[in-house]
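Please look over the structure below before reading on. The notes that follow are grouped by topic.

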Amino acid sequence: MAETQGKVITCRAAVAWGPKEPLVIQEICVDPPQEMEVRVKILYTSICHTDLGTWTGVNEAERAFPRILGHEAVGVVESVGEGVKDVKEGDYVIPTFNGECGECRVCKKEVSNLCERYKVDPMKRLMVNDGGTRFSTTTNKDGGSSQSQRIYHFLNTSTFTEYTVLDSACVVKIDPNAPLKQMSLLSCGVSTGVGAAWNTAKVKEGTTTAVFGLGSVGLAVAEGARARGASRIIGVDANASKFEKGKVMGVTDFINPKDLTKPVHERIRELTRGGVDYSFECTGNVDVLREAFLSTHAGWGSTVLVGIYATPRTLPLHPMELFDGRKVTGSVFGGFKPKSQLPSFAQQCMKGVVKLEPFITNELPFEKINDAFQLLRDGKSLRCLLQIAKFLKK
């Protein structure tokens, strides 16, 4: 890739020009990486509900267009900027929306993975170095000529493009022998769910769990609980078509709220003689959060918030309800420190400790990205994988 190093690359990207507008596959310019930045050739990317939520413009404060979305991917390093030491040209990498600088006070502590400088920030749309972007247009959204216009970044990553530029803190080197398609899932969904079970809740063998919302993240929570030896994993979802996939991920019992004449938490308490040890709220719905909290056992029950809450509503809990020993905590990126811990997690996945293949339910070419968005909106896919570039291992 020496022929492109230090030069602007012209490539294809799927650009979001406005809320709910179809993404436009068009040529863009990608600048070389600056100091402590990495330019990556994206091989595969997939679509997450966070991409969908930003595209629909649910949260007005997060709106910034034109923008390149996407944050689950795998790629190969094309070039690195000055000062980058831990990755080099030709390394296989996954981008992570939650970075790790390795130098700040938080990165040096084991108790948190929220790097002071590169932690996830949905409002961030510019690079740290100079407050600029590394993307710009060559044409307008209709293909006509226009003055070059900058394109905003998304979640430290922007993977719906053949080439992207990231802060080096958000690039994790992986084993070159890893199955690349599956490794893309570690950028967000699977790591977020499995990590919530392993790192945040610390699910123990023989314990009981309830997972509210059986999308990709919820099923990853179930897979993580299964891998840790949970004796009972109760899956809760209003879409019964997800139950079959849930069985593959270790879910032992299923509850469809539509089939009940009582609150879900009452049914779970009946099934578990008082409540589960751990519950996970993966829908981003505060009413569901209350059910998840009440489904845990008094005295030691723990509820982990995994979903993204777009609504401004606050926690639906009375302070006195916490006096019975139940706990509530949030989990970002499953508590994983990306550079320190993801390579080891990837190795565990390669050994089959966590099954990745069942999460990939659809595969489409890059040109069909709008179809992939629709599949997710219709609840017909967990992860739809898009092949961005063809690349053969040496």
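Two strands count as paired if DSSP finds at least two bridges between them. Helices (H or I, at least four residues) and strands (E, at least two) are DSSP runs, numbered from the N terminus. This is a predicted model, in which local features need pLDDT of at least 70 and side-chain atom pairs count only at pLDDT 80 or more, while totals for chains, interfaces and linings use all residues. Residues are numbered from 1 along each chain as its sequence is written, and side-chain values use heavy atoms, with hydrogens and water left out.

**Strand β13 and its partners**

- Strand β13 covers residues 278-281 and pairs in the parallel sense with β10 (residues 208-212) over 4 bridges.
- F280 of β13 stands opposite V211.
- β14 (residues 302-305) also pairs with β13 in the parallel sense, over 4 bridges, and T303 in β14 is the bridge partner of S279.
- Y278 and F280 point one way from β13, S279 and E281 the other way, and all are buried (under 20% relative accessible area, 1.4 Å probe, protein chains only).
- In a regular strand the side chains alternate between the two faces of the sheet.
- β13, helix α7 (residues 286-294) and β14 form a right-handed β-α-β unit: with the strands pointing away from the viewer, the path from the first strand over the helix to the second runs clockwise.

**Helix α9**

- Helix α9 (residues 369-377) has I369, A372, F373 and L376 as its buried residues.
- Seen down the axis of α9, these residues fall within an arc of 100 degrees, so they line one face of the helix; the arc is that of the directions from the helix axis to the C-beta atoms.
- G379 follows α9 and has a positive phi, near 70 degrees.

Key
Buried means under 20% relative accessible area, exposed over 50%, partly exposed in between (1.4 Å probe, protein chains only).
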